[in-house]
Amino acid sequence: MKKIQLLFLLSAFAAITTAQNKGLTDMSNSRFAKMHNTELGAVRWTNGFWGDRFAVCKDTMLLSMWNTWNNPDVSHGFRNFEIAAGTCPGEHWGPPFHDGDFYKWLEGVASVYAVTKDPKLNALMDKAIAQITLAQREDGYIHTPVIIEERNKGIDSHKKHDHTVIGTKVGAEDEKGAFANRLNFETYNLGHLMMAGITHYRATGKKTLFDVAVKATDFLCHFYETASAELARNAICPSHYMGVVEMYRATGNPRYLELSQNLIEIRGMVEHGTDDNQDRVPFSQQKQAMGHAVRANYLYAGVADVYAETGDKLLMENLQSIWKDIVTRKMYVTGACGALYDGTSPDGTCYEPDSIQKVHQSYGRPFQLPNSTAHNETCANIGNMLFNWRMLQTTGEAKYAEIVETCLYNSVLSGVSLDGKRYFYTNPLRISNDLPYTLRWPKERMEYISCFCCPPNTLRTVCQAQNYAYTVSKEGIWCNLYGGSELEIALADGSKVKLTQVTDYPWDGAVLLTIEQAPKKKAFSLYLRVPEWCDHATLKVNGEVVKTNLSADSFAEVNRIWKKGDKVEFVMDMTVKLLESNPLVEETRNQTVVKRGPLVYCLESIDIEGGQPIDDVLIPADIQLTPKKITIDGSPIVALEGTARLLPRNSWKDTLYREVSQTSKPVNIRLIPYYAWGNRGKAEMTVWMPLVRK
């Protein structure tokens with residue numbers, strides 16, 4: 001025990017004094033990471049696509065969502081903290097995971113503040129954090145449903161609590177108290193508190209929220225040191241895996257790293273676990289993606305964090321196997337995950353208990369990828385991005401950055417309207433007026449969704465997109481995402497580098513990097529990602545062609561002694577491509593999807609000549625699609641226009657089968673990026689369309 005305390009004192013001092021100057025995740029000292037984030041505020045979008053999205057974040061999304069949180073007639077997201085703090089009376093209202101969702105919003109605000117240093121945002125965060133601090137119990141526990149219950153019963157929240165009797169009736173729906181009900185999402189909330197506290201500290205230098213997170217992490221450590229396996233099963237939607245590891249990085253406390261390893265082992269101790277929660281079998285035996293897609297992807301991201309610190313080879317072997325299962329058999333072309341709202345565990349009767357287990361919002365069987373009923377919760381898509389981001393940092397392999405980009409541009413951005421005020425919970429790939437059933441979630445984006453987890457998650461992710469643009473290693477700087485930006489960092493030896501990027505990506509494949517400052521007489525490498533979709537690219541430095549590996553799905557390296565004014569021209573051919581799916585994906589057999597660069601395109605009924613139904617449009621294999629700049633709801637995009645084929649309109653009313661039509665006629669269509677659909681009123685939409693071959 002004394003040895004652990006000594007290690008903590010020595011390592012914590014070094015970590016805590018430098019924690020402020022770090023990125024969203026800090027793998028700079030992770031022994032088994034190949035690269036790490038740039039510091040918060042080191043990257044600024046200057047213009048173009050991501051510059052526009054960031055402007056919507058800071059000017060609209062942040063305050064629009066605050067108005068939602070701060071209106072108790074709509075949401076108790078903030079009011080619950082005020083009641084728990086004793087600032088105002090009342091009862092808890094809303095889902096138990098709202099605390100975590102509010103922490104996500106705070107993390108997004110801190111991420112924007114790191115760039116803008118807007119004093120109004122600083123004051124807004126201070127206001128929210130003051131209530132969170134007052135709501136926390138003396139022992140570090142914080143969960144507003146329980147604390148409000150205690151306060152209203154006159155229980156002293158500052159009195160020392162007995163952890164050994166917490167939550168003795170696991171799973172009982174009517175049981176109250178800390179960790180009494182595994183569906184209370186307490187550890188999920190705590191994980192987001194940890195990430196918000198760290199991000200706020202790194203952005204502002206203030207430890208107000210960070211200290212709350214440290215106390216909460218200490219409470220969690222004590223709980224897991226004393227809890228039974230059944231109590232430990234409380235880990236619904238395990239965001240705390242990522243949070244605990246990042247707390248270890250921020251403080252140097254070895255107790256937190258030990259907890260992160262134990263969290264993985266505990267999953268294998270649960271009796272009667274489920275595929276839905278990924279605890280039917282120990283993680284050491286898991287080779288495929290299963291169950292609730294948000295919980296799964298958060299788990300995989302957290303395990304990747306543990307690998308970065310420990311180098312446990314079995315963890316990486318399993319993660320790579322799971323990743324392959326997702327990307328080659330269970331992921332939508334948009335990077336979305338979680339095909340099924342209601343389903344059953346694969347081969348659900350082959351284990352004990354011998355009953356079919358329900359899974360929801362989950363990965364299905366391999367190649368089970370429906371379009372109209374696709375659940376694809378935005379949080380699951382963000383989880384997929386977080387998983388791949390950590391795999392990129394630990395391996396340095398471009399294939400993971402490819403998925404990060406695919407998710408960001410398609411299945412994450414689709415979750416928010418172009419004006420930044422309305423949100424999707426699910427992200428289907430087809431919306432039709434002819435469906436003979438009602439989908440669980442609205443077909444239109446909403447300002448407030450009863451399950452409000454996705455909107456703040458989307459907010460913080462888009463607010464943080466600049467932090468995924470570049471990474472750093474001892475060899476140099478890695479360009480992962482392209483967009484008009486400025487970068488200012490210090491290399492491993494402390495030497496300063498500044499560069500600017502000018503590009504109209506993703507609408508155009510030309511990228512210009514200019515070195516504004518570089519160390520004298522010291523070479524370092526620039527690594528430019530060649531996307532998987534890029535068939536041909538050229539690379540020049542100061543007008544001279546560079547001979548280096550430019551194969552798709554890799555990083556092109558340029559190593560030299562750089563000087564101020566050096567220019568790197570990187571041009572990627574951005575052709576329109578028609579993609580088809582594995583024939584085992586039955587719903588899209590003999591259909592195609594259009595992709596240009598990183599963007600998946602879709603067809604809305606309002607973009608079909610004559611307003612014809614989407615199901616009557618056929619895409620010729622040799623269709624010529626021409627890029628055209630247009631504007632939707634004030635946002636510039638590049639649409640694709642061309643001539644497709646149109647079937648004669650024959651009603652399918654009361655008809656299941658009929659003879660194939662032998663005729664079709666030309667029809668003009670316009671395709672728009674999938675993320676931009678649903679911003680022009682109600683319309684039918686499809687990503688996949690029937691393919692006509694010669």
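Residues are numbered from 1 along each chain as its sequence is written, and side-chain values use heavy atoms, with hydrogens and water left out. In this predicted model, local features need pLDDT of at least 70 and side-chain atom pairs count only at pLDDT 80 or more, whereas totals for chains, interfaces and linings use all residues.

Helices (H or I, at least four residues) and strands (E, at least two) are DSSP runs numbered from the N terminus, and two strands pair if DSSP finds at least two bridges between them. An open sheet of five strands is ordered β1-β6-β7-β11-β14, and its pairing is mixed. Because β1 (36-37) and β14 (554-561) stand at the edges with a single partner strand each, one side of each has no neighbour in the sheet. Strand β11 (residues 523-530) runs antiparallel to β14, and eight bridges join the two. L526 has V558 in β14 as its bridge partner. Helix α15 (residues 398-412) packs on this sheet and touches β11 and β14, contact being heavy atoms within 4.5 Å. The direction of α15 makes about 55° with that of β11; axes are lines fitted to C-alpha atoms, for helices over the stretch in contact, and angles run from 0 to 180 degrees between N-to-C directions.

An open sheet of seven strands has antiparallel pairing and the order β2-β8-β9-β10-β15-β12-β13. Its edge strands, β2 (43-45) and β13 (544-545), each pair on one side only. Five bridges link β12 (residues 537-541) with β15 (residues 567-572) in the antiparallel sense, and T538 stands opposite V571 in β15.

Grid points are joined across faces, edges and corners, and a volume is the space filled by probe spheres set on the points. The largest pocket holds about 1100 Å³ of space. It is lined by 38 residues, with R430, D615, D616, W652 and P690 closest to its centre.

Seven cavities of 30 Å³ or more are counted, and the largest cavity has a volume of about 160 Å³. Its lining comprises 16 residues, among which E107, M195, L386, R390 and R460 lie nearest the centre. Helix α14 gives the most to this lining, with four residues.

Key: 1 Å grid on protein atoms, 1.4 Å probe; cavity = no way out; pocket = protein on both sides within 12 Å on 5 of 7 lines; lining within 4 Å.
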